[in-house]
Amino acid sequence: MRLKKIGQVKATTFKKQFDRVYDFWKKKAENEFNYFDDLKFIKEHNQVFIYLILPDIDDLEQIDPNKWEGDNC
C-alpha cells in the first residue's frame, strides 16, 4: 500500500469536528486529485495527517511491450 499525503490538521480539531474535517478533505481529494476511495488518517505528535491510498505498482495490470504497435505507445 502506498500513501500520498494531502494535508494535516490538529488532533483536537480532528476530534471535535470530525465530520466537517472529513467532508472537507474528501471533497478536496475528489476535486483536486480525482480520487474517490477512502482516506487514511494517521495521528502523530498532536497532528492528524491525511493520506490518499494508492494502489501498489504490482497490483496494476502489467503492460506487455511486445503488444505495442507502431506509434501507439
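Contact here means heavy atoms within 4.5 Å. On that basis, 57% of the contacts between residues at least 6 apart in sequence join residues at least 24 apart. The structure is a predicted model, in which local features need pLDDT of at least 70 and side-chain atom pairs count only at pLDDT 80 or more, while totals for chains, interfaces and linings use all residues. Residues are numbered from 1 along each chain as its sequence is written, and side-chain values use heavy atoms, with hydrogens and water left out.

The protein holds 2 helices and 3 strands, taken as DSSP runs numbered from the N terminus (helices: H or I, at least four residues; strands: E, at least two). Read from the N terminus, their order is β-α-α-β-β. Of the 73 residues, 22% count as buried; buried means under 20% relative accessible area, exposed over 50%, and partly exposed in between (1.4 Å probe, protein chains only). The accessible surface comes to about 6,200 Å², and 48% of that surface belongs to carbon and sulfur atoms. These areas come from the Shrake-Rupley method with a 1.4 Å probe, and for residues only the protein chains shown count as cover.

The whole structure contains 6 aromatic pairs, where rings of Phe, Tyr and Trp (its six-membered ring) pair if their centres lie within 6.5 Å; planes under 30 degrees apart count as stacked, over 60 as edge-to-face and the rest as tilted. One of these is the edge-to-face pair of Phe18 and Phe41, with 6.3 Å from centre to centre and 65° between the planes. This pair links distant parts of the chain, given that Phe18 lies in helix α2 (residues 18-33) and Phe41 in strand β2 (residues 39-44), 23 residues apart. Phe18 counts as partly exposed at 34% relative accessibility, and Phe41 likewise counts as partly exposed, at 25%. Phe41 also pairs with Tyr22: the ring centres are 6.0 Å apart and the planes stand at 50°, so this pair is tilted. Here too distant parts of the chain are linked, with Tyr22 in helix α2 and Phe41 in strand β2, 19 residues apart. Tyr22 is partly exposed, with a relative accessible area of 24%. Ring pairs join Phe14, Phe18, Tyr22 and Phe41 into a cluster.

Helix α2 also carries Lys26. This lysine is buried yet has no salt bridge, and the nearest side chain of opposite charge, Glu30, is 4.5 Å away. For charge, Lys and Arg count as positive and Asp and Glu as negative, whereas His and the chain ends are not counted; a salt bridge is a side-chain nitrogen of Lys or Arg within 4 Å of a carboxyl oxygen of Asp or Glu. Leaving aside residues up to four places away in sequence, Lys26 touches Phe36, Asp37, Asp38 and Leu39.

By the salt-bridge rule the count comes to 1. The side chains of Lys28 and Glu32 meet in a salt bridge at 3.6 Å, N to O. Because Lys28 and Glu32 are 4 residues apart in helix α2, about one helical turn separates them. Lys28 is partly exposed at 23% relative accessibility, whereas Glu32 is exposed at 54%.

Attention turns lastly to the strands. Strand β2 and strand β3 (residues 47-54) pair in the antiparallel sense over 6 bridges; two strands pair if DSSP finds at least two bridges between them. β2 and β3 form a hairpin with 2 residues between them, and His45 in the turn has a positive phi of about 50°. Glu44 stands opposite Gln47 in β3.
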